[in-house]
Each structure stands twice: as structure tokens, then as C-alpha cells.
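User: Can you walk me through this one? I'd like to start with the sheet and then go to the core.

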Amino acid sequence: MASGKEPDDAGARHPYGRDPDAIERPVYSATIRPHRSLSRLGFRVVMGFFGAVALVTGIAFLQMGMWPVTGFFGLDVAALWFALTLNARRGRSFEEVVISQIEVLVARVSHRGERAEWRFNPLWTRLHKVEDEEYGLLSLAFVSRGQRVLVARDASPVERQTVAEGLTRALAEVKKGY
């Protein structure tokens with residue numbers, strides 16, 4: 001899910017022309033988070049349901065004398081719990097994209113809290129898009145001086161397209177005066 005905004009600086013003019021503080025003020029700022037549809041309550045409901053089904057069928061197999069099957073039902077529930085917990089942790093990661101007059105900043109924060117940053121000069125930065133007729137925008141990347149950084153990796157093609165439109169407008173705004 002992406003939440004981007006384009007600040008309005010129409011009222012922030014300096015008497016001698018451009019406001020000197022506007023050079024560092026963001027033209028575009030977005031925080032992009034991966035979509036996770038399962039809430040904590042949903043996690044509990046899914047685990048409770050599968051746990052109950054495993055318990056009932058495990059007891060039925062136990063009564064028929066097939067006791068090893070019961071352990072495998074427990075392993076299935078444990079594997080599901082592990083997968084859903086890992087998915088929820090990965091949902092804590094996010095990307096920040098900030099474009100100002102002097103810099104393009106891409107910061108990626110992992111689910112462990114590790115932060116990686118890339119900084120580019122906006123005049124030398126272009127947006128590279130890979131599109132497919134059937135699926136939409138497949139990838140979006142900043143390219144500058146031989147370096148390529150993917151943006152909105154975890155977003156859906158529709159969300160990635162929305163981010164791409166905002167980034168394109170922001171880069172055009174920054175390059176407009178040069």
C-alpha cells in the first residue's frame with residue numbers, strides 16, 4: 001500500500017524570488033508498505049479453526065488406532081503457524097521515497113529494522129519502467145549513473161502505477177527549472 005503526497009509550496013515564496021528553504025523541502029514523499037490482508041484477529045481465527053479441525057480429526061484417527069497420523073496433524077498446524085508468523089513479520093518492512101530539489105532518497109527498512117539508503121542527484125536520475133499488457137507495471141526503478149534501485153517492490157501493479165505517476169510528476173517538476 002502506498003501513501004504519497006505532493007506538498008504545495010505556492011504560498012511559500014521569498015520576496016526576492018524562490019524561497020531558499022524550498023530547496024530541501026520535499027516535492028514528493030511516499031511510504032510504501034507491503035499489503036498484508038490477515039490481521040491479528042484473522043490470524044487467531046485461522047489458527048483456531050485449523051487447530052480445532054486438526055484436533056477433531058486427530059482424535060478420530062487416534063480412536064481408529066492410527067496414532068501416528070495425530071502427530072502429523074500437529075506438525076501441519078505448527079507449519080501453518082510458522083508461515084503466517086513469518087508473513088506478518090515481513091509485513092513490517094517498508095520503503096520511503098523522498099524527492100527534493102537537490103536529492104532523490106530511497107530508504108528501505110527490512111522487517112528486522114535494518115535500513116539501506118540510496119541517494120541520487122535528481123537531474124541525473126530517470127525512472128525505468130517494465131510494463132506488460134496483461135499484468136500492468138511489473139517493475140519500477142530509479143536509474144542514475146549506472147546504479148539501479150527498485151522501488152515499490154512489494155506493491156501490486158496498480159499501486160506501483162500510482163507511485164510511478166507521482167514519481168514522474170515530481171522528477172519533471174524538479175527538472176523543470178534546469
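Analyst: Here is the sheet, then the helix across it, then the core. This is a predicted model: local features need pLDDT of at least 70, side-chain atom pairs count only at pLDDT 80 or more, and totals for chains, interfaces and linings use all residues. Residues are numbered from 1 along each chain as its sequence is written, and side-chain values use heavy atoms, without hydrogens and water.

User: What order do the strands of the open sheet have?

Analyst: S6-S7-S8, 3 strands with antiparallel pairing. Strands are DSSP runs (E, at least two residues; helices are H or I, at least four), numbered from the N terminus. Pairing takes at least two DSSP bridges between two strands.

User: Which are the edge strands?

Analyst: S6 (126–132) and S8 (147–151); each pairs on one side only.

User: How many bridges between S6 and S7?

Analyst: 7, with S7 spanning residues 136–144. Glu-131 stands opposite Leu-137 in S7.

User: What lies across S6, S7 and S8?

Analyst: Helix H3 (residues 157–175), at about 35° to S7. Axes are lines fitted to C-alpha atoms, for helices over the stretch in contact (heavy atoms within 4.5 Å). Angles run from 0 to 180 degrees between N-to-C directions.

User: Now the core. How many residues are in the largest nonpolar one?

Analyst: 23. Such a core is a set of buried (under 20% relative accessible area, 1.4 Å probe, protein chains only) Ala, Val, Leu, Ile, Met, Phe, Trp, Tyr and Cys residues joined through side-chain atoms within 4.5 Å. H3 gives the largest share, 6 residues.

User: What does Leu-167 touch?

Analyst: Beyond neighbours within four places in sequence, its contacts include Tyr-28, Ile-99, Leu-140, Phe-142 and Val-151.

Notes:
Buried < 20%, exposed > 50% of the residue type's maximum accessible area, 1.4 Å probe, protein only.
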